[in-house]
Amino acid sequence: MISFKSKGFFSKFYSWLPIFVLYVSVLNEFDINYLNLDFFSFNFPFILIFYFTLKDFKNFDYLLVFFAGLINDTVVGLPLGISSLSFMIICIATSYFRNITIRPNQAKDWFYFLFIIILVNSLNYSILTLFFSYNLILWGYVVNIFFTFIFYLFFITIFRFYLKGLND
Amino acid sequence: MASSRDDFVIAIRSAFLKKSTKQKFSLLTLVFTSIFVIVLSNLDLKVVRYLKIGINELVYRSSFVVSIPENFIKDTFIEVSDYTTFFNDYKKKRIELAELKSDYVSNEIIQNENKELKELINDYVLTSDKIFARIIVDHESPFLKSIIINKGSKDGIKIGTNIYDQSYLVGRVIEINYKTSRVLLLSDLNSNVPVTIAPQNIQAIVTGTGDNYGQIKYIKDGLSEEIDQDSIVYTSGTGAIFKSGIPVGKLKIIDENSSLKFSVNFYSDFSQLKYVFAEVINISENLDLNTSESNNENSKTERAKLQILENELEIIEETNSKFLEENINLKNEINNLNIKLLMLDDELSSKNTTINQFNIDKKELEFLKLNLEFGHKCRKSRKLFQKTTGFDPGSVEYKKCVLNKGIVIND
């Protein structure tokens, strides 16, 4: 387990790690699909943003998330602001969910996450097709939602270890 | 009831407006900012355009730096898989190269002829330079297929510039920055390329599918039956978006539930691209050309033609010498065969002589046998008071008589 006794550079870096990982993931657009499987993709930033905003992580600034969205749009080639809007909707949803939840439950979080990514992706798809006349594969979105939903459990296990390391 | 509604309103309001100690902006502000950015980025204002170019340059470079470790892993993976098929690929490529070399000369002749004919009809002449460009970002979104190259408006890239992998079409530029550009790949769903299907000469449109193949669309009714498997698809130049005659891919016919579907397997593998060529085209009207330029151009063309003709001559001479060599070999072979034939003739004639001798001997033997048996009947009797009959031994009649077993046949 990682623990930091002193408040040095590494300690600071560790506490800002989620934001750093978010920026790397939007700049890199990694989807671990080296085997070129058809349609296989998942949205790692969605998982990261959902988890850390739900936990109200102190260094997970909304403004930085907003800028990450702008970078994501630039890298992918989407109209500027679309991903920022998606990220902000996730932030609002998690903030609302946090407000109404008295006893947090992992299963509830997981299915709420599914509901949110369906909502966000639907909105994303609608804006791109209706206002920007993009041709998009709906099936690709469905698979992306499915894998994002499945991978959520795997990633939150890692995030939990990270938070434990930070609290220790 | 009222209290639960109040709770909901409070939770929503809190979600939108509440800022924790570290947050500088409320989420509502950021949502409105996002919408504002979406609207603003689609306005064609000079300030916005320059701002976007700045952001793009910065983000693309950062993305390139951040992707170095991932690209290293990806490249290593590709290299390892390449090594496993290296030798077979090499053998295949060597054969292909030999075929391509022979095609190259005739292609250049056709190109020069084409250029000359265009000049004759006072058409515009396209002079193009292919710029070598490196791909700095190729993170394909699951939904959009595009790449970023390290050449921009500074290098003469324009919206619509054709991008090649060797001589195969890869896509076209859809966004330009000062030193970078975004290329929309042919595999993107939003990509539409007017093409010609050869050798049937059918006009169609290839659209991307999101995968490494395209789909043929908008073929005139009745013409789809004429299309063969493995027909070649190249750009038709219709609409002047793409230059004509650029190879795109090979056609594949898929029979899906008794309805035919046509897909195009692109010549280039977009997932393996590292470098591409951007074609910067300069259009110059023939009439506007000043004489020195045209002379220069003509001399260049003539020189190129001469070079090609020299190459052609070299090839013809090589072929001729090969033919001559072959001729000499064939002549030698013919001579050998003639000698063999003569020898066989001799052998045959000697065999025939032996056979004839054998036949004669056989006849003689038969005559002697019959002579012993019937000779006395045919010989002349020289007894007193008897009528002289028979023949003298050795005469033809005697021989006939003996062969007829002593029976005399009067002619």
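Helices (H or I, at least four residues) and strands (E, at least two) are taken as DSSP runs and are numbered from the N terminus. The structure is a predicted model, in which local features need pLDDT of at least 70 and side-chain atom pairs count only at pLDDT 80 or more, whereas totals for chains, interfaces and linings use all residues. Residues are numbered from 1 along each chain as its sequence is written, and chains are lettered from A and ligands numbered from 1 in the order in which they are written.

Chain A contains seven helices and zero strands, and its elements follow one another from the N terminus as α-α-α-α-α-α-α. A residue is called buried if 20 or more other C-beta atoms lie within 10 Å of its own, exposed if 12 or fewer do, and partly exposed in between, with the C-beta atoms placed from the backbone. By this criterion, 35% of the 168 residues of chain A are buried. Two residues are said to be in contact if their C-beta atoms, placed from the backbone, lie within 7 Å; of the contacts in chain A with a separation of 6 or more, 69% are between residues 24 or more positions apart.

Within chain A, helix H3 (residues 44-54) is mostly covered, eleven of its eleven residues being buried. Among them are A:Phe44, A:Pro45, A:Phe46, A:Ile47 and A:Leu48. The buried residues of H3(A) pack against helix H2 (17-28), helix H4 (62-76), helix H5 (82-100), helix H6 (106-130) and helix H7 (138-167) of chain A. Just after H3(A), A:Asp56 adopts a positive phi of about 50 degrees.

The packing of H3(A) on H5(A) can be described in terms of axes, which are lines fitted to C-alpha atoms, for helices over the stretch in contact, with angles running from 0 to 180 degrees between N-to-C directions. The axes of H3(A) and H5(A) come within 9 Å and cross at roughly 35 degrees. The crossing of H3(A) with H5(A) is right-handed, the term applying where the near helix is turned clockwise from the far one by less than a right angle, and left-handed where it is turned anticlockwise. On the H3(A) side the residues are A:Phe46, A:Ile49, A:Phe50, A:Thr53 and A:Leu54, and these meet A:Phe87, A:Ile90, A:Cys91, A:Thr94, A:Ser95, A:Phe97 and A:Arg98 of H5(A). This contact has eight nonpolar, three polar and one charged residues, where Ala, Val, Leu, Ile, Met, Phe, Trp, Tyr, Cys and Pro count as nonpolar, Asp, Glu, Lys and Arg as charged, and the others, Gly among them, as polar.

In H6(A), the buried residues are A:Phe113, A:Ile117 and A:Val120, and their cover includes H3, H5 and H7 of chain A. An α-helix has 3.6 residues a turn, so residues three or four places apart point the same way. The 25 residues of H6(A) should span 36 Å at 1.5 Å a residue, and this agrees with its end C-alpha atoms, which are 36 Å apart; the expected span is 1.5 Å times one less than the number of residues.

Chain B has seven helices and twelve strands, and buried residues make up 20% of its 411 residues. Of its contacts with a separation of 6 or more, 56% are between residues 24 or more positions apart.

The contact between the chains takes 44 residues from chain B and 39 residues from chain A. On the side of chain B that touches chain A, the elements giving two or more residues are helix H1 (2-17), helix H2 (27-41), helix H3 (46-66) and helix H4 (68-84) of chain B, and the largest share, nine residues, comes from H2(B). By class, this side of chain B has 20 nonpolar, 17 polar and seven charged residues.

Six strands of chain B close into a barrel in the order S6-S7-S8-S11-S10-S9, with antiparallel pairing, two strands being paired if DSSP finds at least two bridges between them. Neighbouring strands of this sheet are turned by 40 degrees against each other on average, direction ignored. Strand S6 (residues 192-198) and strand S9 (residues 232-235) of chain B are joined by four bridges, with B:Ala198 partnered by B:Ile232 in S9(B). Three bridges join S9(B) to strand S10 (residues 247-256) of chain B, and B:Tyr234 stands opposite B:Pro247 in S10(B).
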